[in-house]
Amino acid sequence: MTITNPAQWEILGELAQRLHHTEEAKDAFQRCLDSKFSAKAWMKLLEMYSEENDLERALNAAIRLTTYQHR
């Protein structure tokens, strides 16, 4: 099965996150963002990066979300 729809990647990321598969969730959310912008995917990545204390990626996600909300 090949996933091409960004919404499917987003759903897969949420499922992986619920099952505590963090790396797979991050990968799925990133693949979703490779296809199109998704505030939900950025928010999930921001949460994960914050929990991991990955400051650079967390700030990048926060900037993208803030820019999107400002529009």
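Asp27 is partly exposed, with a relative accessible area of 37%, where partly exposed lies between buried, under 20% relative accessible area, and exposed, over 50%, computed with a 1.4 Å probe on protein chains only. Before I go on, please note that this is a predicted model, in which local features need pLDDT of at least 70 and side-chain atom pairs count only at pLDDT 80 or more, while totals for chains, interfaces and linings use all residues. Residues are numbered from 1 along each chain as its sequence is written, and side-chain values use heavy atoms, with hydrogens and water left out.

Asp27 forms a salt bridge with Arg31, their closest N and O atoms lying 3.2 Å apart; by salt bridge I mean a side-chain nitrogen of Lys or Arg within 4 Å of a carboxyl oxygen of Asp or Glu. Because the two residues are four apart in helix H2, about one helical turn separates Arg31 from Asp27, helices being DSSP runs of H or I with at least four residues, numbered from the N terminus. Arg31 is itself partly exposed, at 39%.

Turning to Lys26, we find a salt bridge to Glu52, with 2.8 Å between the closest N and O atoms. This pair links distant parts of the chain, 26 residues apart, since Lys26 sits in helix H2 (residues 22-35) and Glu52 in the loop between helix H3 (39-51) and helix H4 (55-70). Lys26 counts as buried at 10% relative accessibility, whereas Glu52, at 34%, counts as partly exposed. Glu23 joins Lys26 and Glu52 in a network of salt bridges.

Finally, Arg57 and Asp54 meet through their side chains in a salt bridge at 3.8 Å, N to O. In total, the structure holds five salt bridges.
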